[in-house]
Amino acid sequence: MPKETILSSEILRQIENIRETDIVVGIPSYNNGRTIGQVLLAVNTGLAKYFPAQRAIIVNSDGGSSDDTIRIVNRSNPEDPRMIMLSHSPDPIRKIITPYQGFSGKGAAFHTVFQIAHNLNAKACAIVDSGLKSITPEWIELLVKPILQEGYDCVSPCYLRHKFDGTITNSIVYPLTRALYGKRVRQPIGGDFGFSGKLLAHYLEKDIWHANLGVHGMDIWMTTTAIAEGYRVCESFLGPRIHDSGDSSQDLSYILRHVVGTVFDLMQTYERAWFSIQGSEPCPVFGARFDVGLDPVNVNVERMVNAFRQGVADLAGIWQKFLSVDTLDGLHRLAAAKEFCYQDSLWVKTVLEFAAAHFHKRMDRDHLIKSMTPLYLGRTASFVLEARNSTAAEIENRFELLCLEYENLKPYLMEKWRN
Amino acid sequence: MRDFFEVAVLEPMRRLYEQLVLFVPKLLGAVLLLFLGLFFGWVAYKFVRRGLMAMSFDRFCSQLGLTTFLERGNIRKPASELLASGVYWLIVIGFFMIGLRTLDESAMSQVFARFFSYLPNLVVSIFIFVVGFLFSKFIARSVLIGAVNAQIRSAKLLSLSVDLLIMIFTLSLALEQLGIGKATIVATFSILFGGVVLGLAIAFGLGGRHLAREFLERRLGRKTDRDAEEEERFLHL
């Protein structure tokens, strides 16, 4: 049982009135007035269309929006006239609107949603991002059905993305998580998830809720916990993910600090789990794959290469405290090279040596991960240069090779980890 | 003649003997105290050294850059040995001072009192120096990483300036605690600090007009031409 409740007396009263539900859909929000109406519409339609016989609750956990997010959520009607109802549920879909409880941030929003779902004995809980522009009612089906009908505990999303998008996922998080825990979860930091009631109860038992995982650390924490602790994980193909505001305006080192920092922290937590795993296996995927045209993506390669070169020139003194001589030499050679190509083996060794240094606390962990930013930009630039004329299928094959490099170099990581 | 011999020779010798009888035990006591100091110092040295080695103190100092700093000053001993030596000498000098006091209380009591009243100042100033040093290295590294990530060309210079400023401030605090050249240090620090700030302001004003304009425009929410050109619709996650 969860150790304590973070819910206000008002919410507890609402829960007492509702008593029980089958499905909870959580929508954390913060200044998403432009998109939350559309998200609510898609969720309502999805619940009505695909789960007419189940009782469902929509929980909006808001972080104190200053725009009209709250007004839109309050105004939205589950029986929206714009929706074409194929069938009507005997129980109307209800709403709970609550501010974050406890610490601010995505973790607090998730905590509130999970606590409400747990108190209502929900069998399944889906979380969707309130900034989505591409969400459809089918997303709710794909996130909830594998749990209710197939007995999975965690549904991770799988999106159709531009070949240059998601470079932290593609170059660090996905291949490293796959090599460590042996499961091929393509978007471990996707942002939209489905969970079983059992897994929610387990999450609530954890002492993570007062830690500051930032906006981006929560997703990888949930996915890794589910995989490493042996819960049944599957993927659902949701199609393109178009978000109202991208992450390009956010400080990259801040994103890295939270995402990569959480991956490294979890490596320490689940050390015993990943040490014994070799190779990897695919997860079952629900939903039909399809292709659509995606907006072009602008990437300033020159700026990234310059950032890498400056990083090598100015930060090598910091890196030499924990990077091997070979890796450091490789980085110097790459910085001086005319043809810029950050090889897979060098990149993977760099990441693994950073992970081991993080574990051994070779220096302040914040500094350690933030100093990785120019290297990540260098790798991204190299990938963009290499993949400029490649097709989506070729790119996916390219990622597969990178993943295999991570898997092959896992013994190298283990050796660094022990010493 | 007999009186003369008694007054001129025997009496001084008797007095010398009496003084010797009084002084020799004091001397022996002082020597004993010195040896005790050497012994306790040695025990403390071993204890501190082993304790610090068990806590990987040398690696910690190396990570903080203290070892490199010492090497620059041609001090090639590990930090744990230096600290243990410091404790050793403190104990030896302490015992030596007590020994001296037993030899001549009236003459040494003032020195003794001054030495022991000065000791806390020494410890505090060493503490200020160590904390300041660690703080300067930490902040300098933060500035370096932040500046490199923001692609500021002179990131190293910026970091070095911050390091230097904090170290000057730390040194002035530590020396002030020791009571060395109080007025001179305050004046030197004020001139140096003021000079550096003024220099930076002039340099930024003259050399970084465009940077300042871009900074202000970004602050005020207006996009610069360069921003518009370089805007990336690029998702890292």
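Between chain A and chain B, five residue pairs are in polar contact, both residues at pLDDT 80 or more; a polar contact is a pair of N or O atoms within 3.5 Å, where within protein one must be able to donate a hydrogen and the other to accept it, and residues adjacent in sequence count only if both atoms are side-chain atoms. The model is predicted, with local features requiring pLDDT of at least 70 and side-chain atom pairs pLDDT 80 or more, while totals for chains, interfaces and linings use all residues. Residues are numbered from 1 along each chain as its sequence is written, chains are lettered from A in the order in which they are written, and side-chain values use heavy atoms, without hydrogens and water.

Chain A contributes 45 residues to the contact and chain B 23 residues, contact being heavy atoms within 4.5 Å.

Away from these totals, A:Leu328 lies in helix H12 (residues 325-336) of chain A, helices being DSSP runs (H or I, at least four residues) numbered from the N terminus. A:Leu328 counts as buried because its relative accessibility is 11% (buried: under 20% relative accessible area, 1.4 Å probe, protein chains only). Not counting residues up to four places away in sequence, A:Leu328 touches A:Ala316, A:Trp319, A:Gln320 and A:Leu323.

How values were computed: Helix = DSSP H or I, 4+ residues; strand = E, 2+ residues; numbered from the N terminus. Buried < 20%, exposed > 50% of the residue type's maximum accessible area, 1.4 Å probe, protein only.
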